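Q: Please take a close look at one part of this model, the hairpin and its turn. Then place that part in its wider setting.

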Amino acid sequence: FTVNPPKPRTGAPVEFTTVIESLENELKPLMCELAVSIRSQQDAPLLQLQSRDMGKSFMVEAGARRKITVSLPVLPLVPGKYRIHLWLGRPKTTFDSIKESFTLNVYSGSFAEDDLQIGRTYPVVIPSNWSDTLSD
């Protein structure tokens with residue numbers, strides 16, 4: 001499992017890549033889906049990236065290695081450490097699951113020109129548009 005860039009920042013693009021390897025003795029190719037779950041240090045679920053949600057599945061052939069990458073245009077996590085869990089399977093069937101496969105360190109960044117203010121009680125922040133007008 002790898003993260004690109006190696007020091008991901010809040011509000012910046014990020015990619016997560018994993019390599020799936022099938023054994024030589026598999027009888028037939030497997031159609032599967034991948035989920036990357038991001039959890040807090042206390043193991044609370046925060047965010048899940050699941051290929052099925054985007055209509056994407058992957059064919060894994062016997063003895064083959066397949067590199068799978070999921071990209072986010074902006075990383076919605078505030079600075080801190082997070083646990084990454086990986087799941088490979090299809091609905092109601094798990095082929096492989098790795099809890100705490102990786103510790104993700106998120107560094108300070110921003111969605112705006114000014115740095116994000118730390119000291120938040122919520123770990124997820126997403127871009128949003130704000131406006132104000134005079135009220136009658």
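A: Start with Lys-92, which is found in the loop between strand 7 and strand 8. Strands here are DSSP runs (E, at least two residues), and helices are H or I runs of at least four, numbered from the N terminus. This is a predicted model: local features need pLDDT of at least 70, side-chain atom pairs count only at pLDDT 80 or more, and totals for chains, interfaces and linings use all residues. Residues are numbered from 1 along each chain as its sequence is written, and side-chain values use heavy atoms, with hydrogens and water left out.

Phi of Lys-92 is near 70°, a positive value in a residue other than glycine. Most residues other than glycine have a negative phi. Lys-92 counts as exposed, at 89% relative accessibility. The cut-offs are under 20% relative accessible area for buried, over 50% for exposed, and partly exposed in between (1.4 Å probe, protein chains only).

Strand 7 and strand 8 form a hairpin with two residues between them. They run antiparallel, joined by ten bridges. Two strands pair if DSSP finds at least two bridges between them. Gly-89 stands opposite Thr-94 in strand 8.

Look next at Leu-104. Leaving aside neighbours within four places in sequence, Leu-104 is in contact (heavy atoms within 4.5 Å) with Val-3, Pro-8, Phe-16, Leu-77, Gly-80, Lys-81, Tyr-82 and Ile-84.

Two backbone features elsewhere deserve a check. Asp-43 lies in the loop between strand 3 and strand 4 (45-50). Asp-43 too has a positive phi, near 75°. Asp-43 is partly exposed, with a relative accessible area of 28%. Pro-5 sits in the loop between strand 1 (2-4) and strand 2. A cis peptide bond joins Asn-4 and Pro-5, with omega about 5°. Most peptide bonds are trans.
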